Amino acid sequence: MKTKQKSAGGSLLELVVIVAVALGLALGIQAFLVKPYRIPSESMVPTLQVGQRVLVNRIGNRFTDPRIGDVIVFHPPKGSDTDTCGDGNRRQGQACDKPTRTRADVNFIKRVVAGPGDTIYVKGGHVYRNGKRLHEFDEADLD
């Protein structure tokens, strides 16, 4: 019985093909299925810690709308990360008076606390939706 011996060139080519396929799969998965993110700020503590890495499902929100309690990743309107509106005017602590058409380059990772038509506000460290206190989102309960 005769066995073929692989040449050094054939082994190198096989290694290159394997690495290229693995890299292509990794990039494809990240582009369409799941994407890793790092938590940049304390806004999600204690659920998510600063510097923690999370994998985000990129398919789910393409077919369904976010529900209350979901944690989502999105690009906010331009100026959201600097407390300015799209026109560059400072609006610290206030909503912009006109919609901003462009998006910021940063990602926000936030929890959905209300849906369309709901009214929310924070009073004394407690979150209220439609006039009822939401205990699961209380700042005092998160310590």
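**Stop one: aromatic rings**

Start by selecting F74, which is partly exposed, with a relative accessible area of 31%. Keep in mind that you're looking at a predicted model.

Colour strand 3 (residues 71–74) and strand 4 (residues 108–111) next; F74 lies in strand 3 and F108 in strand 4, so the pair ties together parts that are 34 residues apart in sequence.

Moving on, pick Y121 and Y128. Here the planes are at 5° and the centres 5.0 Å apart, so the rings are stacked. Is Y128 buried or exposed? Y128 counts as buried, because its relative accessibility is 18% and the cut-off for buried is under 20%. Y121, at 37%, is partly exposed.

**Stop two: a charge over a ring**

The charged end of K110 sits over the F108 ring, 5.2 Å from the ring centre.

**Stop three: the nonpolar patch**

Switch to a surface view and select L13, V17, V21, L25, I29, F32, L33, V34, L55, I59 and F63: together they make a nonpolar surface patch of about 1100 Å². Which helix gives the most to the patch? That's helix 1 (residues 8–32), with six residues.

Finish on F63, which lies in helix 2 (residues 60–63). F63 is exposed, with a relative accessible area of 70%.

Note on methods. Residues are numbered from 1 along each chain as its sequence is written. This is a predicted model: local features need pLDDT of at least 70, side-chain atom pairs count only at pLDDT 80 or more; totals for chains, interfaces and linings use all residues. Side-chain values use heavy atoms; hydrogens and water are left out. Patches are made of residues with over 30% relative accessible area and no salt bridge: like charges are joined within 9 Å, nonpolar side chains (Val, Leu, Ile, Met, Phe, Trp, Tyr) within 5 Å. Accessible areas come from the Shrake-Rupley method with a 1.4 Å probe; for residues, only the protein chains shown count as cover. A salt bridge is a side-chain nitrogen of Lys or Arg within 4 Å of a carboxyl oxygen of Asp or Glu. Helices (H or I, at least four residues) and strands (E, at least two) are DSSP runs, numbered from the N terminus. Buried means under 20% relative accessible area, exposed over 50%, partly exposed in between (1.4 Å probe, protein chains only). Rings of Phe, Tyr and Trp (its six-membered ring) pair if their centres lie within 6.5 Å; planes under 30 degrees apart count as stacked, over 60 as edge-to-face and the rest as tilted. A charge sits over a ring if NZ of Lys or CZ of Arg is within 6 Å of the ring centre and within 35 degrees of the ring normal.
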